[in-house]
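Colleague: Could you walk me through how to read a model like this one? I would like to learn the general idea behind each feature and then see the case here.

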Amino acid sequence: MSGKIKVAVIACGGRSKYVVSNLLRDSDRNVEIVSVYDPDKEVAEGALKHWESPEARICDSYEEAINFPGVTWVMVFSPNAYHCEHILAAFAAGKH
């Protein structure tokens, strides 16, 4: 890989902690979590600690996380009712 894939994570609960942990491990950490959004900042802080990504930014909105400089991928783990809104926002911002 020529460089790390920079990821925004939307929602930081149990499922995202599991999936993102696997992604970080399986990519030999060629994926970097650079921004996260969760309505509960303590949950976001816990996820960043779990992922050993303390440098990532905890954002105040999903829009801020998606548009954070360098983000190319957006991983959506929000409740199903919000998936469409979050995915469309990511696509509109030109993200994978």
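Modeller: Happy to; we will take the sheet, the salt bridges, a helix, some backbone angles and a surface patch in turn. This is a predicted model, in which local features need pLDDT of at least 70 and side-chain atom pairs count only at pLDDT 80 or more, while totals for chains, interfaces and linings use all residues. Residues are numbered from 1 along each chain as its sequence is written, and side-chain values use heavy atoms, with hydrogens and water left out.

Colleague: Thanks. In what order do the strands of the sheet lie?

Modeller: Helices (H or I, at least four residues) and strands (E, at least two) are DSSP runs numbered from the N terminus, and two strands pair if DSSP finds at least two bridges between them. Here 4 strands make an open sheet with parallel pairing, in the order 3-2-1-4. Strand 3 (57-58) and strand 4 (73-76) are the edge strands, each pairing on one side only.

Colleague: How many bridges join strand 1 to strand 2?

Modeller: Strand 1 (residues 5-10) and strand 2 (residues 31-37) run parallel and are joined by 6 bridges. Along them, valine 7 stands opposite isoleucine 33, and valine 9 stands opposite valine 36.

Colleague: Is strand 1 mostly covered or uncovered?

Modeller: For that we use relative accessible area: buried is under 20%, exposed is over 50%, and partly exposed is in between (1.4 Å probe, protein chains only). Strand 1 is mostly covered, with 5 of its 6 residues buried. Lysine 6 is partly exposed, at 29%.

Colleague: Which side chain meets lysine 6 in a salt bridge?

Modeller: A salt bridge is a side-chain nitrogen of Lys or Arg within 4 Å of a carboxyl oxygen of Asp or Glu. Lysine 6 meets glutamate 32 in one, at 3.0 Å from N to O. Because glutamate 32 lies in strand 2 and lysine 6 in strand 1, the pair ties together parts that are 26 residues apart in sequence.

Colleague: How many salt bridges does the structure hold?

Modeller: There are 4 salt bridges. Among them is the pair of arginine 25 and aspartate 26, whose closest N and O atoms are 2.9 Å apart; both of these residues are exposed. Another is formed by arginine 57 with glutamate 64, at 3.1 Å between the closest N and O atoms. Arginine 57 is partly exposed at 41% relative accessible area, and glutamate 64 is partly exposed at 24%.

Colleague: Let's turn to helices. Which residues of helix 1 are buried?

Modeller: As a general idea, an α-helix has 3.6 residues a turn, so residues three or four places apart point the same way. In helix 1, Ser16, Val20, Asn22, Leu23 and Leu24 are buried. The buried residues of this helix pack against strand 1, strand 2 and strand 4, where contact means heavy atoms within 4.5 Å.

Colleague: What span should helix 1 have?

Modeller: The expected span is 1.5 Å times one less than the number of residues. Helix 1 (residues 14-26) has 13 residues, so it should span 18 Å, and its end C-alpha atoms are 18 Å apart, which agrees.

Colleague: What is tryptophan 73 in contact with, leaving aside its neighbours within four places in sequence?

Modeller: Tryptophan 73, in strand 4, is in contact with Ile5, Lys6, Val7, Ala8, Leu23 and His96 once those neighbours are left aside. Tryptophan 73 and leucine 23 are 50 residues apart in sequence and 12 Å apart in space, C-alpha to C-alpha. At 29% relative accessibility, tryptophan 73 counts as partly exposed.

Colleague: And the backbone angles? Where is alanine 11 found?

Modeller: Most residues other than glycine have a negative phi, and most peptide bonds are trans. Alanine 11 has a positive phi of about 85° although it is not a glycine. Alanine 11 is found in the loop between strand 1 and helix 1, and counts as buried at 11% relative accessibility. Glutamate 52 also has a positive phi, near 55°; this residue lies in the loop between helix 2 (41-50) and strand 3 and is exposed, at 60%.

Colleague: Last one: which residues make the nonpolar surface patch?

Modeller: Patches are made of residues with over 30% relative accessible area and no salt bridge, with like charges joined within 9 Å and nonpolar side chains (Val, Leu, Ile, Met, Phe, Trp, Tyr) within 5 Å. Accessible areas come from the Shrake-Rupley method with a 1.4 Å probe, and for residues only the protein chains shown count as cover. Ile87, Leu88 and Phe91 make a nonpolar patch of about 300 Å². Isoleucine 87 lies in helix 4 (residues 80-92) and counts as partly exposed at 34% relative accessibility.
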